[in-house]
Amino acid sequence: MSSTLLSRRDLRFLLHEWLDVGRLTERPRYAEHSRETFDDALDLAERVAAGHFAPHNRAADTSEPTLVDGRVRTIPQVKRALEVFADTGLLAASLDSSVGGMQLPHVVSAACFAYLQAANVATSAYPFLTLGNANLLLAHGSPEQVDTYVRPMVEGRFFGTMCLSEPQAGSSLADLTTRAEPQDDGSYRLFGTKMWISGGDHELADNIVHLVLAKIPGGPPGVRGISLFVVPKVLVGPDGTLGARNDVVLVGLNHKMGYRGTTNTLLNFGEGVHRPDGRPGAVGHLVGEPHQGLAQMFHMMNEARIGVGASATALGYTGYLKALAYARQRPQGRPVADKDPTAPQVPIIAHPDVRRMLLAQKSYVEGALALVLYCGRLLDEQQTAPAEADRERAHLLLDLLTPIAKSWPSQWCLAANDLAIQVHGGYGYTRDYDVEQHWRDNRLNPIHEGTHGIQALDLLGRKVTMRGGAGLALLLETIGATVARAWKSDGEAAELAAPLARAVDRIAATTRRLWGTGDPALALANASGYLEAVGHVVVAWMWLEQLLAVDAAAVDPATRDADTGFHAGKRQAARYFFRYELPRTTAWFDLLDSLDRTTLEMRDEWF
């Protein structure tokens, strides 16, 4: 029976037939790997996801974490699943072998993790945050911090968080008030409140390692005065033994629409409930240099943003596969040309409007998965390409694509979940089927790790203008290279290349138009429309790339007679995206080019 988590055939196509990840084994970092080890890792991830994560997905939703006598209680299946996952070593799949990692390519690791996200996005959030925490400390922490915190996280004994938001500040990090007071022994005592902290308290691991943004008194104002601190829930001795409770207190749990199995917390630092060495204040240690906290935290946030896009993709993908399975087995109605009321009913997949909804989902989720894995491949290039110029090129392109990789799947794979409910009809609106939970879980993704609007401001306000527009120029050049290959193919790909080439020209012209006004407020007023337009062009590019890979498989003697149905499905999804979705961008670009001031001129009292 085919999996309804992810399509393994699609992953094989994307990883091997398109991205050719096997070539990465020619590089020293991945020399001990092979296609076989990559596939073994995917097999393992699928087994763990299906056997230990998926079975309690509904239970974790209906029996969300509770606070009882000051302690967080979760259903036991969550802890057991995390223990199984830690034992596989996949939590550290992409990390260095020197800290216990497997040194798998990031693109393969992302594919493995997508299985967990599709099976149970709430339980998978704990290792997801932990991995981001560990990667940040590996990049910016001291050797002592790596030994004290990263190694136990890699082993699954400690879990990690990121603590940015505060009740009064939200996403406006310049307004943080948590303070870090220096101590004579080189440590700091933190005082303040953090809100919306996922995984902020639980008893799923021996310890929780918080990465906390705070300001050292006397530092520069605004974001320039933010520093980063590692603050454990339980203090850790020089020999790694656990000591006294740190002064980190759970105030309460937030009760959410979805993602219910992940604790989401309000935390007080320095409340005085716990008094390390007899004094109030949460003991923390500075990561790196003072006042560099925001830049350091963006190391984790950028990783998290692509991870959010991956989780949105996984939720959209599993919803699509479940809608597809339902449509194939649910009989209802007859073809419009069949006037015989005694004729057997047909499966609803026979109805064109149902096929339209399924094609839309397929085009969204398979396009999003291609984008997420492409970003993983860029990260591998950034870290391991032999030539420095290639590493820099990958870094620049990944930097520009990050807000798109976060927001496009979060918007359009949520739309896929909406369509999955619609395919189920009235049953989709009940809790008897998974699709309603997938929609609720996915609704968080346009919000956390930077809202859709924040990603839009990041793309148009920073990414396309950075280094004199070098990132945008590189993106357009890279898409242009795909267009040129398609034109040479002299097939359907060449036909689809023409509208993509026109859309690329529109990106360049619209960007010049917006920033040519000299008015940043006007330029950014419709940044969300810009993000959606450019995102659609990028995903059309992903579909043209996939179509070219299908064409290559059709002439390869090893693959031309196999999986003709799979390849035909890819072609049809590409056609759908180019005919139904890419044309949306014309209206978006037209609006942007008009320099419309409707939102700017609207007044509070007019609402």
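**Loops and cysteines**

Mentor: Asp69 is placed in the loop between strand S1 (66-68) and strand S2 (71-73). Keep in mind that this is a predicted model.

Trainee: What is the phi of Asp69, roughly?
Mentor: Asp69 is a residue other than glycine, yet its phi is positive. The value is near 55°.

Trainee: Is Asp69 buried or exposed?
Mentor: Exposed means over 50% relative accessible area. Asp69 has 75% relative accessibility, so Asp69 counts as exposed.

Trainee: Where is Arg467, and what is its phi?
Mentor: Arg467 sits in the loop between helix H12 (452-463) and helix H13 (470-489). Arg467 is not a glycine either, but it has a positive phi. That phi is about 50°.

Trainee: Is Arg467 buried or exposed?
Mentor: The cut-off for exposed is over 50%. Arg467 has a relative accessible area of 54%, and therefore it is exposed.

Trainee: How many disulfides does a search of the whole structure find?
Mentor: A disulfide needs two cysteine sulfur atoms within 2.5 Å. The cysteine sulfur closest to that of Cys375 belongs to Cys413 and is 13 Å away, which is too far for a bond. Cys413 is in no disulfide, with the sulfur of Cys375 as its nearest. The number of disulfides found is zero.

Trainee: Is Cys375 buried or exposed, and what about Cys413, buried or exposed?
Mentor: Buried means under 20% relative accessible area. Cys375 has 2%, so Cys375 is buried. Cys413 has 0% relative accessibility, so Cys413 also counts as buried.

Terms used:
Residues are numbered from 1 along each chain as its sequence is written. This is a predicted model: local features need pLDDT of at least 70, side-chain atom pairs count only at pLDDT 80 or more; totals for chains, interfaces and linings use all residues. Side-chain values use heavy atoms; hydrogens and water are left out. Buried means under 20% relative accessible area, exposed over 50%, partly exposed in between (1.4 Å probe, protein chains only). Helices (H or I, at least four residues) and strands (E, at least two) are DSSP runs, numbered from the N terminus.
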